[in-house]
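Work through the exercises below with the sequence and the 3D view at hand. Try each task before reading its solution.

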Amino acid sequence: SCAAAGRPCAWSQEAVDHFLRAQRIRARDAAAIRWFHAANSKARAGEAHLFFKSTGDVHMIEADVLLRGGKGGNGEPIMAHPPETDSDNTLQEWLKEIVSTNKGIKLDFKSLEAVQPSLQLLEHVKQHLRRPVWINADILPGPNGKNSVVDAEGFLDTVTSFFPDVTLSLGWTTGWHPDKLNKGYDWMMVKEMAQICSALPQRVTFPVRAALVRQSISELCWLMQQSDRYSLTVWTGKEDVYSVEDLLYIRENFDKSRVYYDILEPQNSEFKKAIGVE
């Protein structure tokens with residue numbers, strides 16, 4: 001068992017179930033999980049900390065990890081999003097701060113080099129992290145994806161060798177263009193992802209871009225049917241155009257305990273209001 005192996009059992013639980021058991025959400029509805037995004041700098045992490053203490057209770061905090069000095073950098077893991085290559089906040093300091101809260105975390109990796117040293121740091125604090133921990137990387141090219149992917153085999157081998165029950169967040173690189181028809185996730189993309197994930201024992205969430213989901217419903221429904229260990233996490237780019245109706249359409253097509261929404265304002269509040277979730 002996870003406890004016998006010295007690992008927090010919360011890691012192998014679905015996040016929605018963890019927060020439901022902790023009575024921090026009222027129903028088994030993943031849309032009730034609140035996110036705080038990109039808490040990379042000390043100021044932003046402190047803001048998240050103040051946010052914890054305020055009435056708006058955040059459940060999950062997402063942050064980006066890379067090596068100081070950027071790709072090929074042999075510096076320590078820091079909290080920064082490319083193109084930045086430096087930060088006033090190291091992962092070690094960030095984790096120390098997080099331990100004193102009750103938040104779940106999602107660490108987003110843009111390069112394979114940063115994964116192992118980061119997981120070694122996570123190893124030191126894992127006993128204090130009895131809440132959901134998600135490890136994210138884009139491992140396959142997706143719709144309009146231009147960014148390079150993180151090597152799937154290297155990423156999965158590294159993560160599972162450290163933490164066989166952590167939730168994997170496995171995505172596709174994507175792009176979105178305001179002035180053209182944007183194709184969604186096609187059959188080849190979802191079938192390749194399904195093949196990669198079929199042998200994995202742990203929970204997997206697939207981050208999908210809100211503006212590309214509606215045109216990919218049948219493909220993503222098929223993917224979700226492949227295992228009850230799978231969930232979706234709907235996210236959005238700052239410039240993306242999508243409507244609350246698009247989000248409601250997603251909600252109608254999937255089990256509501258299996259779709260998380262890490263989206264921006266104003267759609268976030270409008271969506272929550274439309275579905276009656278605080």
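The model is predicted: local features need pLDDT of at least 70, side-chain atom pairs count only at pLDDT 80 or more, and totals for chains, interfaces and linings use all residues. Residues are numbered from 1 along each chain as its sequence is written, and side-chain values use heavy atoms, with hydrogens and water left out.

**Exercise 1. The chain as a whole**

Task: state how many helices and strands the chain has, and what share of its residues is buried.

Solution. Start with the elements: helices (H or I, at least four residues) and strands (E, at least two) are DSSP runs, numbered from the N terminus. The chain has ten helices and nine strands. Next, apply the burial cut-offs: buried means under 20% relative accessible area, exposed over 50%, and partly exposed in between, with a 1.4 Å probe and protein chains only. Of the 278 residues in the chain, 56% are buried. Last, take contacts (heavy atoms within 4.5 Å). Among contacts in the chain with a separation of 6 or more, 73% come from residues 24 or more positions apart.

**Exercise 2. Strand β2**

Task: find which strands pair with β2 and in which sense, parallel or antiparallel.

Solution. First, the rule: two strands pair if DSSP finds at least two bridges between them.
- β1 (residues 35-36) is joined to β2 by two bridges in the parallel sense, with Trp-35 opposite Met-60.
- β4 (residues 104-109) runs parallel to β2 over six bridges, and Gly-104 of β4 stands opposite Met-60.
- β3 (residues 77-79) runs antiparallel to β2 over three bridges, and Pro-77 of β3 stands opposite Leu-67.

Then look at the side chains. In a regular strand they alternate between the two faces of the sheet. Met-60, Glu-62, Asp-64 and Leu-66 point one way from β2, while Ile-61, Ala-63, Val-65 and Leu-67 point the other way. Eight of the eight residues of β2 (residues 60-67) are buried, so the strand is largely enclosed by the rest of the structure.

**Exercise 3. Strand β6**

Task: say how many residues of β6 are buried, and with which strand β6 pairs.

Solution. β5 (residues 133-141) pairs with β6 in the parallel sense over seven bridges.

**Exercise 4. Helices α6 and α8**

Task: describe how α6 and α8 lie relative to each other.

Solution. Two packed helices are described by the angle between their axes and the distance between the axes. The axes of α6 (residues 187-197) and α8 (residues 217-225) come within 9 Å and cross at roughly 10 degrees. Angles under 35 degrees count as roughly parallel, and α6 and α8 are therefore roughly parallel to each other. On the α6 side, the contact is made by Trp-187, Val-190, Lys-191 and Ala-194; on the α8 side, by Ser-218, Glu-219, Leu-220, Trp-222 and Leu-223.

**Exercise 5. Helix α10**

Task: which residues of α10 are buried, and what covers them?

Solution. The buried residues of α10 (residues 267-275) are Gln-267, Asn-268, Phe-271, Lys-272 and Ile-275. Seen down the axis, they fall within an arc of 125 degrees, so they line one face of the helix. That arc is taken from the directions from the helix axis to the C-beta atoms. Their cover includes α9 (244-253) and β9 (259-262). Just after α10, Gly-276 takes a positive phi of about 75 degrees.

Technical notes. Axes fitted to C-alpha atoms, helices over the stretch in contact; angles between N-to-C directions. Parallel < 35°, antiparallel > 145°, perpendicular 65-115°, else oblique.
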